[in-house]
Amino acid sequence: MPELPEVEALKDFLTENLVGHEIVRVLPVAISVLKTYDPPVTSVEGHEVTAVRRYGKFLDLVTAEGPHLVTHLARAGWLQWKDRLPSGMPRPGKGPLALRVALETGAGFDLTEAGTQKRLAVYVVQDPQDVPGVARLGPDPLADDFDETRFAALLKDERRQIKGALRDQSLIAGVGNAYSDEILHVARMSPFKLAAALTPQETARLYEALRTTLTEAVERSRGLAAGRLKAEKKSGLRVHGHTGEPCPVCGDTIREVSFSDSSLQYCPTCQTGGKPLADRRMSRLLK
């Protein structure tokens, strides 16, 4: 799933390639991708893109005197830029293509989604706050006013595990499964630790890990073409997706806890005092 660093990089890439150009055609290939119908998706046609903004994991294409085209790439969605879009109409139901946006130059982009769980979302709205997911977002962790005091205030009443708190978009915008693993590894903290139980020293360590991990990921992605961002994200991850491999910090074996539709990775030595966390799903299978 694209998270804050990749969406921020996409925002920069699209700012460079879209702003100042006119959208001449929007072709929804998979109707399920459209989450709003008034105004229609075609209402952005004929309008110039004046800005590209990011809200958490949402991308907002701002048009001159027209509506906003807001997208959320969800778990398996992606944006593929093309300097020259294919001619002809794409065929619905053939491949991962969900929506195509064409500019007056002949360039544009495709929104695609792999797999069978279709969660890619496109909204056409007069105000991005009309998108429910945008309206409920918590603060951006890279904002200038997101300081340690504000972070501590968010966590002090959270009676849940810190892994889940970091992923809650209404608490903090933009962090998902992969970067929460990375942040907790840098902070040397168990993903099962209760957020409200953090000491001031642990909160400070976690805040520093949050800002540093996301900032470094954004810097690694900055200036890359859209097609290279997935590979850059994967290459920069130290524990997430590396089950069974040695921890790059201490050399211990990275372990995994599996859930019904996701998993987390962590290093026992760095994060849990050498004690493996219980994998509840695997425990049930072994009974």
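**Talking through the model**

Biologist: Let's start with Asp168: is it buried or exposed?
Modeller: Keep in mind that this is a predicted model. Buried means under 20% relative accessible area. Asp168 has 18% relative accessibility, so it counts as buried.

Biologist: And which residues does Asp168 touch, leaving out those up to four places away in sequence?
Modeller: Asp168 sits in the loop between α4 and α5. With those sequence neighbours left out, its contacts are Arg136 and Arg160.

Biologist: Moving on to pockets, what is the volume of the largest one?
Modeller: There are 42 residues lining the largest pocket. By class, that lining is made of 16 nonpolar, 13 polar and 13 charged residues. The volume of the largest pocket comes out at about 1100 Å³.

Biologist: Which lining residues are the closest to the centre of the largest pocket?
Modeller: Several elements give two or more residues to the lining, among them β5 (77-82), α5 (177-187) and α7 (229-236). Out of the 42 lining residues, the closest to the centre are Met1, Lys57, Arg75, Arg167 and Asn177.

Biologist: What do the buried residues of α7 pack against?
Modeller: The face of α7 turned away from the buried side carries exposed residues, namely Ala231, Lys234 and Ser235. The buried residues of α7, for their part, pack against α1 (4-18), β5, α5 and α6 (200-221).

Biologist: How far apart are the C-alpha atoms of Glu216 and Gly236?
Modeller: Glu216 belongs to helix α6, and Gly236 is one of the buried residues of α7. Glu216 itself is partly exposed, at 45% relative accessible area. Along the chain the pair is 20 residues apart, and their C-alpha atoms are separated by 9.3 Å.

Biologist: Now the largest nonpolar core: which element gives the most residues to it?
Modeller: This core has 34 residues, and Leu14, Leu99 and Phe109 touch the most other members. Elements giving two or more residues to this core include β2 (47-55), β6 (97-103) and β7 (108-113). The one that gives the most, with six residues, is α1.

Biologist: And how many residues are in the second, separate core?
Modeller: Leu155, Ala178, Leu198 and Leu214 are included in the second core. Its residue count is 26.

Biologist: Which residues does Leu14 touch, not counting those up to four places away in sequence?
Modeller: Leu14 is one of the residues of the largest nonpolar core that touch the most other members. Setting aside its neighbours in sequence, Leu14 touches Val19, Val52, Leu59, Leu61, Leu79, Trp81 and Phe109.

Biologist: Glu65 is not a glycine, yet it has a positive phi; what is the value?
Modeller: Glu65 lies in the loop between β3 and β4 (68-72). With 84% relative accessibility, Glu65 counts as exposed. Its phi is about 55°.

Biologist: And what is the phi of Arg188?
Modeller: Arg188 is placed in the loop between α5 and α6. At 48% relative accessibility, Arg188 counts as partly exposed. Arg188 is not a glycine either, and its positive phi is about 60°.

Biologist: Last one: how far apart in space are Gly88 and Thr116, C-alpha to C-alpha?
Modeller: Gly88 is in the loop between β5 and β6, and it is exposed, with a relative accessible area of 53%. Gly88 and Thr116 are 28 residues apart in sequence, and in space their C-alpha separation is 26 Å.

How values were computed:
Residues numbered from 1 in each chain as written. Predicted model: local features only at pLDDT ≥ 70, side-chain atom pairs only at ≥ 80, totals over all residues. Heavy atoms only, no water. 1 Å grid on protein atoms, 1.4 Å probe; cavity = no way out; pocket = protein on both sides within 12 Å on 5 of 7 lines; lining within 4 Å. Points joined across faces, edges and corners; volume = space filled by probe spheres on them. Helix = DSSP H or I, 4+ residues; strand = E, 2+ residues; numbered from the N terminus. Nonpolar A, V, L, I, M, F, W, Y, C, P; charged D, E, K, R; others polar. Buried < 20%, exposed > 50% of the residue type's maximum accessible area, 1.4 Å probe, protein only. Contact = heavy atoms within 4.5 Å. Core = buried A, V, L, I, M, F, W, Y, C linked by side-chain atoms within 4.5 Å.
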